[in-house]
Amino acid sequence: MTIKTATLNGVATIEIARPEKKNAITGEMYRRMADALNAATADNAVRAVLLTGQPGIFTSGNDIEDFMQRPPGNLESPAFVFMKALLGCDKPVIAAVTGAAIGIGTTMLLHCDLVYVSDEARLAMPFVSLGLVPEFASSLIVPQLMGHARAAEKLLLGDPFTGADAVEMGIANAVLPAGEVVPHARRIAERFNALPPGAVRQTKTLLRRARSQAALETIAAEGEIFAQRLQSPEAKEAFSAFFQKRKPDFSKF
Ligand code: COA
């Protein structure tokens, strides 16, 4: 099982569980996560969603092999279906970042409401090193959060950063010892059981209102270029290098 779901005490938990591949997300896993988010959105008994991974790894991002075999071609592709489901969830989504969060592992946090990060976690958006471009509206939201200069370090150079950096940059709420991140995030999620759900949902919608249309438009614009880049010789070299466990050689481009 690669995505585990459970609803307990008002909290729908979505757990990425593919540790042998560092929780890399395939199309099938995106669909399961989207289904779970949509079900949580529709279920009156759910007051909050908890999104988490495995000890030491939140997710290494898109499954690169799946990407090569089934590149997302349009906005109906599983990765976009997941993005739409996360944007469409009007209940609080709490992320417990249990370890490394790479690519969409970091960009999905931009769309969660409360983010708690393990002190062992490293975050990164290495799209350029893979011959790709940013996704999930990160090209819009990352510079809005931290300014162009630091966004360029994270998105052009792909520099990794710590949970403490993520807090300082406004991506995360707090850093916790590795063993405490999930219990803490769950306790926070359960606090919504004592709050009026209608006011919570409308407040979340208002908090997101100013950027929701722009985020959707950016996702579409990024997606078009991303799909082209997946077929590019640069991306092919980066993906081959990853699987051959060598450094990519971009000198010929
Ligand atoms: N897609 C597909 N497979 C992946 C993957 C991904 N995103 N991330 C890891 N894996 C696989 C590896 O190929 C390896 O498979 P193998 O055991 O069959 O060789 C296995 O998961 C373990 O990964 P490995 O790289 O050996 O673990 P590590 O602890 O040395 O490093 C990471 C962990 C997360 C730092 C590293 O795997 C990594 O950088 N992954 C790619 C991240 C990335 O670029 N994501 C963005 C995609 S858009």
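Which polar side-chain atom lies 3.3 Å from an oxygen atom of the ligand? That one belongs to Lys-22. Keep in mind as you read on that this is a predicted model.

**Around the ligand**

Let's start with the ligand's surroundings. The residues around it are Glu-20, Lys-21, Lys-22, Ala-24, Ser-60, Asn-62, Asp-63, Ile-64, Ile-102, Leu-130, Phe-242 and Lys-245.

| Residue | Atom in the residue | Atom in the ligand | Distance |
|---|---|---|---|
| Lys-22 | polar side-chain atom | oxygen | 3.3 Å |
| Asn-62 | polar backbone atom | nitrogen | 3.0 Å |
| Lys-245 | side-chain N or O atom | oxygen | 3.3 Å |

How much of the ligand's surface does the protein bury? On its own the ligand would expose 870 Å², and the protein buries 67% of that.

Helix α9 itself covers residues 233–243, and its buried residues are Ala-235, Glu-237, Ala-238, Phe-239 and Ala-241. The cover over them includes α2 (64–69) and α8.

**Aromatic rings**

Searching the whole structure turns up five aromatic pairs. In one of them, Phe-242 and Phe-243 have ring centres 5.1 Å apart and planes at 70°, so this pair counts as edge-to-face. Phe-242 is also one of the residues around the ligand. Elsewhere, Tyr-30, Phe-82 and Phe-136 make up one aromatic cluster.

**The nonpolar cores**

Phe-82 turns up again in the largest nonpolar core, which has 60 residues. Along with Met-33, Val-97, Met-108 and Leu-109, Phe-82 is among those with the most contacts inside that core. Which helix supplies the largest share of this core? That would be α1 (residues 27–42), with seven residues. Another core lies apart from it and has 14 residues, including Ile-94, Tyr-116, Leu-176 and Val-200. As a rule, nonpolar side chains in soluble globular proteins tend to be buried together.

To see what surrounds Leu-109, skip its neighbours within four places in sequence: Leu-109 is then in contact with Phe-58, Ala-95, Val-97, Val-115, Leu-123 and Ile-171.

Phe-82 also belongs to helix α3 (residues 78–88), where Ala-79, Phe-80, Phe-82, Met-83, Ala-85 and Leu-86 are buried. Among the elements covering the buried residues of α3 are α1, β5, α4 (104–107) and α8 (197–230).

Is Thr-98 buried or exposed? Thr-98 is buried, with a relative accessible area of 7%. Its place is in the loop between β5 (93–97) and β6 (99–102). From there, the Thr-98 side chain reaches the backbone oxygen of Ile-57 at 3.1 Å. Not counting residues up to four places away in sequence, Thr-98 touches Thr-52, Gly-53, Gln-54, Pro-55, Gly-56, Ile-57, Phe-58, Ser-118, Val-181 and Val-182.

Phe-58, a contact of Leu-109 and of Thr-98, lies in strand β4 (residues 56–59). Phe-58 is buried, with a relative accessible area of 0%. For a sense of distance, the C-alpha atoms of Phe-58 and Val-11 are separated by 19 Å, and these two residues are 47 residues apart along the chain.

Note on methods. Residues are numbered from 1 along each chain as its sequence is written. This is a predicted model: local features need pLDDT of at least 70, side-chain atom pairs count only at pLDDT 80 or more; totals for chains, interfaces and linings use all residues. Side-chain values use heavy atoms; hydrogens and water are left out. Rings of Phe, Tyr and Trp (its six-membered ring) pair if their centres lie within 6.5 Å; planes under 30 degrees apart count as stacked, over 60 as edge-to-face and the rest as tilted. Helices (H or I, at least four residues) and strands (E, at least two) are DSSP runs, numbered from the N terminus. Buried means under 20% relative accessible area, exposed over 50%, partly exposed in between (1.4 Å probe, protein chains only). A polar contact is a pair of N or O atoms within 3.5 Å; within protein, one must be able to donate a hydrogen and the other to accept it, and residues adjacent in sequence count only if both atoms are side-chain atoms. Contact means heavy atoms within 4.5 Å. A residue is near a molecule or strand if one of its heavy atoms lies within 4 Å of it. Accessible areas come from the Shrake-Rupley method with a 1.4 Å probe; for residues, only the protein chains shown count as cover. A nonpolar core is a set of buried Ala, Val, Leu, Ile, Met, Phe, Trp, Tyr and Cys residues joined through side-chain atoms within 4.5 Å.
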